[in-house]
Amino acid sequence: MGDCLIDKRERVKMPVELRYHFRCKNDPTCKGHHIILLDWELNELARNIMQKDIDTASIEEKIRNKFYDYMKERDLYFVMGTHFRFKTWMIIGIFYLRKEDKKQKNLFDF
Ligand SMILES: [Zn+2]
């Protein structure tokens, strides 16, 4: 029965569509990107909110709080990927570090 429930959950469509609009930091010719986020955390947050809330504006507001306002306070990194069916870049994961957390940031300065 547990397997059946998990199976059902996996097949649930992404409840919301979120795209990040950004420009490449070290590329002055970059015209900007508008790329969809397919991240489990967004999916889970949306699902949790929608269990208690049915007002679309309120749901959007809560998702915006986490994935936009909150991220402005963080160093946000995207894990990019492509999909054979869509043939386009997607953000398949995100991670966000506290801005002042130098120890963690050093991981990227090899
Ligand atoms: Zn770019």
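**Close-up views of a predicted chain**

**Figure 1. Overall fold of the chain.** The chain contains 4 helices and 4 strands, where helices (H or I, at least four residues) and strands (E, at least two) are DSSP runs numbered from the N terminus. In sequence order these elements follow the pattern α-β-β-α-α-β-β-α. Residues are numbered from 1 along each chain as its sequence is written. This is a predicted model, in which local features need pLDDT of at least 70 and side-chain atom pairs count only at pLDDT 80 or more, while totals for chains, interfaces and linings use all residues. Of the 110 residues in the chain, 5% are buried; a residue is buried if 20 or more other C-beta atoms, placed from the backbone, lie within 10 Å of its own, exposed if 12 or fewer do, and partly exposed in between.

Figure 2. The average pLDDT, the predictor's confidence in each residue from 0 to 100, is 82 for the chain, and 77% of the residues score at least 70. Where pLDDT is low, the predicted coordinates should not be read in detail.

**Figure 3. The crossing of helices α2 and α3.** The axes of α2 (residues 40-52) and α3 (residues 56-69) come within 10 Å and cross at roughly 145°. Axes here are lines fitted to C-alpha atoms, for helices over the stretch in contact, with angles from 0 to 180 degrees between N-to-C directions. On the α2 side, L42, L45, A46, I49 and M50 meet I59, K62, I63, K66 and F67 of α3. The residues of this contact comprise 8 nonpolar, no polar and 2 charged; Ala, Val, Leu, Ile, Met, Phe, Trp, Tyr, Cys and Pro count as nonpolar, Asp, Glu, Lys and Arg as charged, and the others, Gly among them, as polar.

**Figure 4. L76 in strand β3.** L76 lies in β3 (residues 74-82). This residue counts as partly exposed because it has 16 C-beta neighbours inside 10 Å. Although L76 and Y96 are 20 residues apart in sequence, their C-alpha atoms are 4.4 Å apart in space. Leaving aside residues up to four places away in sequence, L76 touches M71, I94 and Y96.

**Figure 5. I91 in strand β4.** I91 belongs to β4 (residues 89-98). I91 is buried because 21 other C-beta atoms lie within 10 Å. Beyond residues up to four places away in sequence, the residues that I91 touches include Y20, I35, L38, F78 and M80. From I91 to G81, 10 residues apart in sequence, the C-alpha to C-alpha distance is 6.3 Å.

Note on methods: Two residues are in contact if their C-beta atoms, placed from the backbone, lie within 7 Å.
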